[in-house]
Structures are given as C-alpha cells and as structure tokens.
Protein chains: 2
Amino acid sequence: MLFSRGFRRIPTTTFNGFSRWFVSHRPGYSQSQTTTHCSRDSTHKIFGGFEESRFWGFAGSRYQIHHQSSSLVEEELDPFSLVADELSLVANRLRDMVVAEVPKLASAAEYFFKMGVEGKRFRPTVLLLMATALNVKVPEPAKALADTLTPELRTRQQSVAEITEMIHVASLLHDDVLDDAETRRGVGSLNCIMGNKVSVLAGDFLLSRACVALAALKNTEVVTLLATVLEQLVTGETMQMTCTSEQRCSMEYYMQKTYYKTASLISNSCKSVAVIAGQTTEVAMLAFEYGKNLGLAYQLIDDILDFTGTSASLGKGSLSDIRHGIVTAPLLYAMEEFPQLRAVVEQGFENPKNVDIALDYLGKSRGIQKARELAIKHANLAAEAIESLPESDDEDVKRSRRALVDLTQRVVTRTK
Amino acid sequence: MLFSRGFRRIPTTTFNGFSRWFVSHRPGYSQSQTTTHCSRDSTHKIFGGFEESRFWGFAGSRYQIHHQSSSLVEEELDPFSLVADELSLVANRLRDMVVAEVPKLASAAEYFFKMGVEGKRFRPTVLLLMATALNVKVPEPAKALADTLTPELRTRQQSVAEITEMIHVASLLHDDVLDDAETRRGVGSLNCIMGNKVSVLAGDFLLSRACVALAALKNTEVVTLLATVLEQLVTGETMQMTCTSEQRCSMEYYMQKTYYKTASLISNSCKSVAVIAGQTTEVAMLAFEYGKNLGLAYQLIDDILDFTGTSASLGKGSLSDIRHGIVTAPLLYAMEEFPQLRAVVEQGFENPKNVDIALDYLGKSRGIQKARELAIKHANLAAEAIESLPESDDEDVKRSRRALVDLTQRVVTRTK
C-alpha cells in the first residue's frame, strides 16, 4: 500500500545511502552489475518496507489533510507530501463528479474511493510532481499558445491527473469482469458485490467522463495520446487473454503486454502534462520515458510480490497470476535456467501440483532476482530521464524532480 | 430489417402519396390532426412493409455490390442506393480494422458484421447523405480552416460515420452484458456465445478505436460532441436501470432517456458532419435537429413493434421491454387513459399475469396510436430541419435531401 494512503518518514541516511548507490551505478548500468550490488536481500536490508498512515482516505471530512510540521529535509524525501493539498483537491473533484451528478452510481463511487488501492494515489502524485518538475522556460511560440488557453495551465494539468485516474479505475472495473476477480487487493471487487452489470456500467461511466474532460482540454495532441492509451489497455488485455503457448513463454511478449497494460497510461499522461505546458518534443519525450520506465518497474515488482507477498519467501504471495495461468517475469527467467519448466507451463496450472512444481523450479532459479534487477534497470532509466531535463534553479522544480527520482526508488523497494 | 441489408423499390405513386400527405400536414401539425389521417392501419394500407435484399452482407466477396440499373426516379426513392458504394467502403474499412489488427477479436468482429441489425446500416447511411446534403457554400473563414485540414473533407466525414458505427456496436455489446440479453434481434448475443468477457473487451476495443479515430480528426468541437454522446449513452442506461417508480411512469423521463440512449448518437454525429465541413452554427443545429428527431421517431416505433411485432396485433412482438420491466410510450399513454394501470406497472412484470393485464389495458386504450402519432411528429420535425437548410441548386445536394426526408417516412412506416 505504499502509494495509497500514507507516507512514512524514511531516515535521511537511508535515503542518501540508496541515492548514492543508485546514482553511482546508473551510468554504466547492466543487469549483471546490478545483481552484484542490489540483490533482493541487500536492498531489503537497507531500505525495508513502508508503512502507511491514514493521510489519505475519503471516509472522513472532505479536507482531511493532517499536515505534520516537517523540516525541509523531510519534505524533500516525501513525494506525497509535496503535492498533498493538490492531490486532495483532485480526489475531491473526482468524488464529487461521480457522486453528485449520477447519484445512482454511488455504489460504484464508494468502491472507487474506499478501496485502498495504491495505484489510485500513485498516478496523480506522479503527474502533479511532473507538472512542477517541468515548470521551466518553454519556447516562445509554444508558450504563447499555452497561455492563450483557459483554464490556466495548472488546472489543465490537474485535469490530466483526474482523467488518468478515471481511466485507471475504469480499467480496473472492466478487468474485474474479465478476470472474474473475487477480490482485488483485499477489497471485495465491485462485480462480486454488485454484479457484472454495475462494473461494466461504472467503468463505461468513468471512461465517458474521462473523454468529456479530455475533450474540454481542447488539445488534439493530448486527445491522441490518451486515446492511444485506451487502445493499448485493450490490446494488452487481449494479448493476455489470447496468447499462444509460444507467446506465453516469450519475455518480449510479456514486456510488450506489460507496457500496454500498465505503463502506457502513466507514460502517455506524463507526456500529456508536458505537451499541455507547451514543452519541446525533447522534454515531452523525457516525461514519457520517465512514466514508461517507472510503470514497467512498478509492474515487475508487482509480479514478484505475487509470488512472495509481504514476506521474502516464495509462495507467500497470492499466487493469483500463476493460478490464472499468467506467466510473469520471474517464471520466464526461471524457464531460461530450467528449460524443463516450459513443459509444466504448457500444461497449465489448473492442477495445483503444477503450481508447486513451478514454485520449486522458481526457488532453485535466479528468476526472482533477475526480475528485480530488470525492475531496477527500468527505475534507473526513469531517474535518468528526470536528470536529463533542462537545468533549473527553481527550488520547487528541483524538489519535485528529487521526489520523482525518489519514487523510482520506492517503487523497486516496496514490499506490498 | 428495413435498414439492414437491402432496399426495395417502392412504387413511386406510393412514395408520392405519402410525401404529399406528409408535407401538407406538417405545417399545422398537432397530435390529433395526425391521428385522423395517419392511424396505424391507414399508414399500413398505403405503404406496407419493406423487404430486404441481399445487397448488404459481408459473408461473400468484399466488393459485393450488385447495382441494378435504375432510373433516376428510382435512385431518388432509395436513400441506400445513393450512398451504396461509399457505405461499402466504410463497412469494409471497419471490418479490416477489427479483423486484421487484432485477429484474436475475430469472433467479436464476426458478430459485429454478421448480425443483421438494421441500425448498423442506418447510421452511416444518414451521415453520408447528410454530408452531401450539406455540401453548400460555407462562410469563408470557416471554409479556409476546413480546407487546410487533411485528409480531405469527405474522407473525414466518412470517418465520422465509422466512429459512429463503432460507438453504436460497442454500446450494443455492453448492453448485452447489462441486459443479460439472450438474443438480440434474432442473432444469438455475443455474450451468450462467448461470455461476458469478450463482450466487455470487444466493446472496449471498439470504443478505444473510436477514440483514436476521433482524435485523428483533430477537431476539438467534434471530440466534444462525440464524448458527450458516450456520456449520454451511459446516463441513459443508468436512468433505465435505476429509476424510481415515479420516473418509470413519467413520459418526460422516458423521452429524456430515449434521447440519451438512442437519439444522442445520431444527432451529435449529424452535427459533427456539419462542423467538420465548417458549416455555420445554424446549419449544424439543423443537422442536429434532424438526427435527434429521426432518432426519437425510430425508437418510438421500435417500442411499438416490441408490442405488435410484424403483425398489427398486440402481443405479437417479443414483449421484451415489458418483460424486463421497461415501460415505454404505448404503455405510458395507456396509463393516462386508465390510471388503474399504474398499480399494475408498479407491481412489476415478473408475474406473467401482469403482462396480460397490461396488454389488455393497452388494447382498450389509444396507447399504440398515440405513440405512433408522436413518432410521426418527430419524423415531421426531422423533415422540416432538412427543408430549412440553405437552398441549393446542386442536383446531388437536392437528391440527398430528398433521401433524408424519405428516411423520416420509412422510419415511421417500417413494420420490422
């Protein structure tokens, strides 16, 4: 629940320790190098997990923001606190939109807001930080264009965050129908409680709201970027539902699917934040690269946690991927070491014995470790994108960029 | 199946007979006037039903267009033949888009193209005719803007037709999940054959494709118009799924819901065809009014046919609305005459006896007749919108306008 409802003050020394390692290894990064320095155990020893506070949560008062007095150093370390007020604004606007105008979809809205999904807070946080991080001089003609548009730039960037969140939750709702998911992250899935109908309709509702908000931005490039996301979300789902045995065992296919299903949304919305600000193509591409690599790192860790859960032991996760026959990075790497595992994968996992056999191979292999290394590689690439942005002396800009880099670290060290 | 796959040469005399009546009664139209002249029986005596040919249909060759040599008079009478080649182009492009790029959704595509739904052909026909009907001088600044855009105007208008069709079919697919529909117009519904998953995913796929095509038009007003449609489709569905007893018995609520569920798509896409051509606000509004009123007329007849079917007798239709507890115009009018019917409606129709009682009241009332009169009123309003367009001497323009007026008549006289 790292990104969901709270933040925990990470000791500065720990942060700096990681940061130093992180920076020093990035330039000459390769998978094997990272392996040496950042095996699962070592990262865990250094950084540990994260606790969540009750900072987030809609159940109580609308402006329930409990700012703790914090030193500048602390602020710098917490990406969430930097944009807390604004996140609250975005979240309330989303809630009002769903509850007030279509009271009958209130049940869906409740689900939307109650479920403690980290993803919900993660995306707007990234996008608001990105908006500040890119608050640098833009070429004159583009700036002139951006300035003529109302509402003001920041409001339109907040709108991108809202649209992104609506698309994300809509995709969760429809995925629930597709997956026959009984629970999603511990909260009963909506389709389980209300039936498929409400899941489909609530998803469509959010998607249509997203389209209306997108249209209101009156920026054809942003419309294209986010329309592409919708298409790629479906393509990713299709790739997962209908792959051949060959594709199911292909790392390339897995990464492509992962990009479509998870990273496309955050990469294209990061780029949208840049485009709306009238930034150059180069800056927009760096924003895109940040989102893409952060999203890929996030999903790779998710895939690992599905095996390990909050503990470090194999098989303690929900094992929901493997039980649904979804083969992810750890198992794909294990298959490279133990080709005989492929026959098991091809038989499928309806028989629980096959799950045990696969876990056995996975435990003997470096699968988990290599998947983590790949996540770290992408986290590093994300951080590099931020560091390649045009220099700025503005303290807010610099702080937001540090927070974005900090997020790349949190993504790969989270334990739940 | 009037609009689906074929056209039939309607005797000119019959057409002219209707046309004369139609025009002569429109200016002073009121419900009671129309009742006298156009009761269900009389319209049927004059115009009869329509047969379908095998003109449409994707099963065979891709360019399966069997043009019969036809006189100008015949061409004028058949809205479908006027745009036949272009419709074929649009339909093939849609099919290629679905089948070629996502082969795994081929099953959904098959459903998409095989099912003999008139609606599928109806909307593109209207939009292509509208494109020609509006082919008149546009104000210079707007025209200059329209001319600078590529691809050329007609191609972009065809794209509006494709987008409209994709949104329409997507909404059918998701409605199938919402309705638990076992059959849709005689063809097994996709979710029945393939399960909810494919229905949801295929619907999402078409929606996302529609969004991408919409973005490619690079016209923010059109994006807004069609995003509004998506929102209203959901609102209409929500209104139907969750109404109070009071709302269920309200004619106003029914008409609003009908607009959202049926007429919003065609009205906004007609307007989009005008906007893309750089037409004035006035012309764009007339296009909108045509679509709105045609859509409402269409749905009112649909509601009648649900009671009568192809015969003229009550209870011969599928009765699917009433069995799903959906109260439509005929019953709402019957309730005005027989207030005691309301208690039956409030009890619901899970008990088949209540269906019989309601049908009994409906038969004694003028419900069917008044619903038909309302449909005719809206058909007249649609025709008026076309006749209010700026004059044109262009033969193509005049022919397309006649065809659009002809469609308003076909909509209210169809028997299936």
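**Figure 1. Overall content of chain A.** Chain A holds 22 helices and two strands, where helices (H or I, at least four residues) and strands (E, at least two) are DSSP runs numbered from the N terminus. This is a predicted model, in which local features need pLDDT of at least 70 and side-chain atom pairs count only at pLDDT 80 or more, while totals for chains, interfaces and linings use all residues; side-chain values use heavy atoms, with hydrogens and water left out. Residues are numbered from 1 along each chain as its sequence is written, and chains are lettered from A and ligands numbered from 1 in the order in which they are written. Of the 416 residues in chain A, 60% count as buried (buried: under 20% relative accessible area; exposed: over 50%; partly exposed: in between; 1.4 Å probe, protein chains only). Chain A exposes about 16,400 Å², and carbon and sulfur atoms supply 53% of that area (Shrake-Rupley method with a 1.4 Å probe; for residues, only the protein chains shown count as cover). For contacts in chain A between residues at least 6 apart in sequence, 78% join residues at least 24 apart (contact: heavy atoms within 4.5 Å).

**Figure 2. Relation of chain A to chain B.**

**Figure 3. A:S208 and its contacts with chain B.** A:S208 lies in helix α12 (residues 196-216) of chain A. With a relative accessible area of 2%, A:S208 is buried. Leaving out residues up to four places away in sequence, A:S208 touches B:A227, B:L230, B:E231 and B:V234. A:S208 and A:M166 are 42 residues apart in sequence, and their C-alpha atoms are 9.2 Å apart in space.

**Figure 4. Packing of α16 and α22 in chain A.** Helix α16 (residues 281-308) and helix α22 (residues 395-413) of chain A pack at an angle of about 20°, and their axes are 8 Å apart (axes: lines fitted to C-alpha atoms, for helices over the stretch in contact; angles: from 0 to 180 degrees between N-to-C directions). At that angle α16(A) is roughly parallel to α22(A) (under 35 degrees roughly parallel, over 145 roughly antiparallel, 65 to 115 roughly perpendicular, the rest oblique). The crossing of α16(A) past α22(A) is left-handed (left-handed: the near helix is turned anticlockwise from the far one by less than a right angle; right-handed: clockwise). On the α16(A) side, A:Y290, A:L294, A:A297, A:Y298 and A:I301 meet A:L404, A:L407, A:T408, A:V411 and A:V412 of α22(A).

Figure 5. In chain A, the axes of helix α18 (residues 329-337) and helix α20 (residues 352-364) come within 9 Å and cross at roughly 75°. This makes α18(A) roughly perpendicular to α20(A). A:P330, A:L331, A:A334 and A:E337 in α18(A) meet A:A358, A:L362 and A:K364 in α20(A). In chain B, seven of the nine residues of helix α18 (residues 329-337) are buried, so the helix is largely enclosed by the rest of the structure. These buried residues are B:A329, B:P330, B:L331, B:L332, B:Y333, B:A334 and B:M335.

Figure 6. B:T262 counts as buried at 13% relative accessibility, and B:S269 counts as buried at 0%. Apart from neighbours within four places in sequence, B:T262 is in contact with B:G295 and B:Q299.

Figure 7. A:L319 is not a glycine, yet has a positive phi of about 55°. A:L319 lies in the loop between α16 and α17 (320-323) of chain A and counts as buried at 4% relative accessibility. B:K218, also a residue other than glycine, has a positive phi near 50°. The place of B:K218 is in the loop between α12 (196-216) and α13 (220-242) of chain B. At 47% relative accessibility, B:K218 counts as partly exposed.
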